[in-house]
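The following report describes the fold of one model, element by element. Please read it alongside the sequence and the coordinates.

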Amino acid sequence: MTRPRDLAVLAGVCLACTLAFASPAFAQADRLVAPPAQRERVVPPPMTFASAEEHYNYLLKRAKGGTKHTLATLPDWSGIWQSGIATMSMAHPVDAPLSVPYRARYEEKRRQERELGEVYYDRLTHCEPSAYPRWLVEPYHKEFALSPHQSWLMQEFMNETRRVYTDGRPHALPDGTEWLGDSIGFWDGDKLVVWTLGVRSADYLRGYPDNSAELQSVEVWQRVKGTGGRPDRVLVQATMYDPVGLTAPWNVATSYVKADYEYRIRYWDCASTSNDVRANDGKTTVILPGEEGFKAPPTDVTRPPAGTEKR
Amino acid sequence: MKSCISLVVIAMAFGAASVTPAHAHHSFNMFDTRPEAEVVIEGVIKQWSLVNPHSWLTVTVTNADGTQTDWSFEAAAIAQLIPKGITIQTYEPGEKVTVVAGPLKDGRKAGILKFVKHADGHYTLPNDAGNIGQEALDRWKAKNSQ
C-alpha cells in the first residue's frame with residue numbers, strides 16, 4: 001500500500017487556461033477547439049485492437065511487464081499544468097466513428113449551437129464532475145503526483161483525482177459506474193500506460209459527443225520536450241473503445257503545458273457557490289441576488305490591507 | 001432613459017460578428033454576447049465574489065430619481081483569474097467603475113462581464129467566455145480614440 005510520503009507531489013502553475021481563453025480561435029462562432037497549430041497530432045496505436053484489454057495487454061507484453069521504477073527514477077512531471085483544451089486533437093466536426101444514436105445526439109448539440117451559439121445546457125452546471133473522458137480536456141489546471149505503485153492525476157475542477165494503480169493489481173469494478181472509472185497501469189520507461197473502465201455515461205466535452213458507460217480506454221502518457229517553438233508538455237495519446245457510442249476505436253490526443261505563474265490548487269466548491277441553473281425551457285439561466293434560491297456568496301473573505309501583496 | 005447610470009446599447013461599427021463563449025462550467029446561452037448588444041454600466045462596486053465556478057461583481061448604480069439599482073456581472077473562475085493577476089483586492093467595494101457586459105437576454109439586471117474600467121483609467125478583464133473581454137476592450141479603445 002502506498003503511503004502519502006511515497007507520493008512525489010508535483011507543484012507549479014499553468015498558463016494554458018489563460019492561453020485557451022485568450023486565443024481568438026475560442027472566440028469564433030460555435031467551436032470549442034484548439035487552434036490548429038496547437039493541436040496535438042494523433043499517433044495511432046501500433047495496430048488495431050478489438051478492445052482496450054487486448055490493447056493494454058499488448059503494450060504490457062511489449063514492455064516485458066513494465067518498468068519497475070523507484071521514486072528516484074520516475075520522470076519529473078512536477079508543477080501545475082495547463083488544461084488539455086488548448087491542445088486537444090478533437091475538433092468539430094469530430095472524426096469519431098459514432099454509432100447511429102450517438103451521431104444523432106451529437107448532431108442535436110450542433111443544432112443547438114447553430115440556434116443559440118451554445119448548447120442549451122451543460123450537465124456541469126448543476127455541479128457534476130467533468131468525469132472521464134472529459135477530464136482529459138476540461139479547461140482547468142492539472143497536477144500529477146507520481147509514485148512507483150500508484151499515481152494521482154489531479155484536476156482542480158471539482159477536485160477530481162484519477163488514481164492509477166501501477167503495482168500489478170487488477171481492475172476492481174465499482175458497484176455501478178464511477179465518474180472517473182477504475183484505472184490500472186504500468187510504466188514503460190518514461191511512459192505511463194493506463195487502462196480505464198467503469199465510467200459513467202457522460203460526454204467528451206460540452207457540445208461534443210457523448211460516451212456510454214461501456215467506454216474503456218488505453219492512454220499513453222509521456223513528458224515530451226518542446227520542439228519547433230512548442231513548449232515542454234505532458235502528452236497523452238488515447239484510444240477510446242466504446243461498443244455503444246462508437247463503431248470502431250477512436251484515437252485522440254491532448255497535452256498539458258507547464259504553467260509559468262505562481263498558483264496553488266485549492267478546494268473547488270460548486271454546490272454552495274453556483275447560481276447557474278436549468279430553466280423550464282431546458283436552457284441555461286442564472287438566479288440573481290434577491291431571487292428565490294439564490295446562494296449568497298461567502299462573506300468571510302480575507303482582504304489584505306490595501307497596498308500589500310497577497311501572494 | 002435619463003439617469004446617472006449610463007446604459008448604452010453599443011452598436012459597434014465593426015463588431016457585427018457573433019461572438020460565442022468559449023468554455024466554463026455552463027453554457028452561456030442566456031447572455032447576449034454580441035457586440036451590438038453590449039451594455040455600459042457606470043456605478044459603484046457593491047461586492048466582489050471571487051469564487052469557483054464563477055465569480056460575480058455587483059455594481060450599484062444611482063438612477064436620476066435617486067433610486068439605486070444593482071447589476072450583477074458573471075466573471076470567470078478563480079482558476080482563470082489568479083493567473084491573470086486578478087485577486088480579491090482588484091475590486092474594492094466603494095470604487096467607481098464602468099463595466100461593459102453582454103446582458104441577460106431576459107432583461108434582468110445582469111450580464112456576462114467583458115471588462116472593467118477603473119476610476120484611475122486602467123482596465124481589468126475578469127471575463128469568462130473566451131476572448132470577449134479583450135475584443136470588447138479593443139473595440140472600446142478604438143472607438144474612444146477617434
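## Strand pairing in chain B

Strand 1 (residues 39–49) of chain B pairs in the antiparallel sense with strand 4 (residues 96–103) of chain B over six bridges, where pairing requires that DSSP finds at least two bridges between two strands. Strands, like helices, are DSSP runs numbered from the N terminus, with at least two residues (E) for a strand and at least four (H or I) for a helix. In strand 4 of chain B, B:Ala101 is the bridge partner of B:Val39, and B:Ala101 also stands opposite B:Leu113 in strand 5 of chain B. Strand 4 of chain B and strand 5 (residues 110–118) of chain B run antiparallel and are joined by seven bridges; they form a hairpin with six residues between them, and B:Gly107 in the turn has a positive phi of about 90 degrees.

This is a predicted model, in which local features need pLDDT of at least 70 and side-chain atom pairs count only at pLDDT 80 or more, while totals for chains, interfaces and linings use all residues. Residues are numbered from 1 along each chain as its sequence is written, and chains are lettered from A and ligands numbered from 1 in the order in which they are written.

## The largest nonpolar core

The largest nonpolar core has 102 residues, and those with the most contacts inside it are B:Leu57, B:Phe73, B:Val99 and B:Ala101; such a core is a set of buried Ala, Val, Leu, Ile, Met, Phe, Trp, Tyr and Cys residues joined through C-beta atoms within 7 Å. The largest share of this core, six residues, comes from strand 11 of chain A. Apart from neighbours within four places in sequence, B:Leu57 is in contact (C-beta atoms, placed from the backbone, within 7 Å) with B:Ile45, B:Trp48, B:Phe73, B:Ala75, B:Tyr91 and B:Leu113.

## Helices of chain A

Chain A contains three helices and 14 strands, and of its 311 residues 47% count as buried. A residue is buried if 20 or more other C-beta atoms, placed from the backbone, lie within 10 Å of its own, exposed if 12 or fewer do, and partly exposed in between. In helix 2 (residues 52–62) of chain A, the buried residues are A:Ala52, A:His55, A:Tyr56 and A:Leu59. Seen down the axis of helix 2 of chain A, these residues fall within an arc of 95 degrees, so they line one face of the helix; the arc is that of the directions from the helix axis to the C-beta atoms. Their cover includes strand 6 (182–188), strand 7 (191–197), strand 10 (216–224) and strand 11 (233–241) of chain A.

Helix 3 (residues 100–116) of chain A buries A:Tyr102, A:Tyr106, A:Lys109, A:Gln112 and A:Glu113. These residues cover an arc of only 110 degrees around the axis, which puts them on the same side of helix 3 of chain A. The face turned away from that buried side carries exposed residues, including A:Val100, A:Ala104 and A:Arg111.

## Backbone exceptions

Most residues other than glycine have a negative phi, and most peptide bonds are trans. A:Lys64, although not a glycine, has a positive phi of about 55 degrees; A:Lys64 follows helix 2 of chain A and is exposed, with 8 other C-beta atoms within 10 Å. The peptide bond from A:Tyr132 to A:Pro133 is cis, with omega near 20 degrees, and the one from B:Asn52 to B:Pro53 is also cis, with omega near 0 degrees.

Key:
Two residues are in contact if their C-beta atoms, placed from the backbone, lie within 7 Å.
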